[in-house]
Amino acid sequence: MKIVTWNINGVRARIGNLTHWLTESAPDIVCLQEIKTVDEQFPRAEIEALGYNVEIHGQKGFNGVALLSKLRFDEVIKGLPGDEADEQARFIEGVFSTDKGALRVASLYLPNGNPIDDEKKFPYKLSWMARLERWAQERLRLEEALVLAGDYNVIPEPVDARFPENWLGDALFQPQTRQAFRRLLNLGFTEAVRAVTDASDTYTFWDYQAGAWQKNNGIRIDHLLLSPEAANRFSSASIEKHVRAWEKPSDHVPVAIDLALLPA
DNA sequence: ATGCCTTCCGCGGGAAGA
């Protein structure tokens, strides 16, 4: 079963790219981030026509996440618990039936957090990460195959940036950010890409500006975290980098994994 | 580092992104 995360940077602006990519890549489950639309304006019909079920947690103008799945949804939960006042649409989870039992997949869009001296933005990022850790701790107790995928806005290690020195003052590479990410991992997750390669040049994002793509000035910030039950079924991961060279690309590319699971 | 692009909203630049 192929599961992919992709920050699409506007699903309405990118619907042609998305349908082309779905046909080419043939994922079973897709975690989308930054759909930048309310549910009612999501281009549902074009995606359903390709055989996908669609669940959306949208928001006007920015943020917004979605799950696309060839499997039927047994359950859908929208929003990350822990702060009733948080109105930003950054989290959706779906549960599916497989030949090996339940599979839970979450699509997350972790706050950017810049600038770090803003009185709200970086604290919001860190508190969101703390909420995510609590959520993960609870979900891991279920002992399900769990894939926690999305745009984490975290550069985990220096090797995950072409020019790490450029990111020292950035929320994506702060010691507190990296520590919170390690705390999450240390609950018992396997980070899929780093489980199969320690290579540099495994980036998932290239800025639109200053010819970042042409210069390969990239960072790795889109991650898939696997519970032990998912990691035991995990065989491969790949970054679908060629999509960044398409016309009107997102600044992120799809990151895919394969799990030895079949629809029930 | 900033904002060299790009999206969104909505009609004119402003917010947001990373």
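A residue counts as buried when its relative accessible area is under 20%, as exposed when over 50%, and as partly exposed in between. Keep that cut-off at hand for these exercises on a predicted model.

**Exercise 1. Find out which face of helix H4 is buried, and what that face packs against.**

Solution. Start with the helix itself, residues 175–185, and pick out its buried members: Thr177, Arg178, Ala180, Phe181, Leu184 and Leu185. Now look down the axis of H4: these buried residues fall within an arc of 160°, so they line one face of the helix. Last, turn to the partners. The buried residues of H4 pack against helix H3 (121–140), and also against strands S9 (190–191) and S12 (222–226).

**Exercise 2. Describe the setting of the salt bridge between Arg44 and Glu48.**

Solution. Both residues belong to helix H2 (residues 44–48), and because they are four residues apart, about one helical turn separates them. For accessibility, Arg44 has a relative accessible area of 35%, which makes it partly exposed. Glu48, at 38%, is partly exposed too.

**Exercise 3. Work out what the salt bridge between Glu93 and Arg139 ties together, and which network it belongs to.**

Solution. First, the distance: the closest N and O atoms of this pair are 3.0 Å apart. Then the location: Glu93 lies in strand S6 (residues 91–98) and Arg139 in helix H3, so the bridge ties together parts that are 46 residues apart in sequence. Glu93 and Arg139 are both buried. Finally, widen the view: salt bridges link Glu93, Arg104, Arg139 and Glu144 in a network.

**Exercise 4. State how many salt bridges the structure holds, and describe the annotated domain.**

Solution. The structure has 13 salt bridges. For the domain, the unreviewed UniProt entry annotates residues 4–252 as "Endonuclease/exonuclease/phosphatase". In the model, this span is 22% helix and 26% strand, and its end C-alpha atoms lie 12 Å apart.

Conventions:
Residues numbered from 1 in each chain as written. Chains lettered and ligands numbered in written order. Predicted model: local features only at pLDDT ≥ 70, side-chain atom pairs only at ≥ 80, totals over all residues. Heavy atoms only, no water. UniProt positions renumbered as here; feature names shortened; annotations may be inferred. Helix = DSSP H or I, 4+ residues; strand = E, 2+ residues; numbered from the N terminus. Buried < 20%, exposed > 50% of the residue type's maximum accessible area, 1.4 Å probe, protein only. Arc of directions from axis to C-beta. Contact = heavy atoms within 4.5 Å. Salt bridge = Lys/Arg side-chain N within 4 Å of Asp/Glu carboxyl O.
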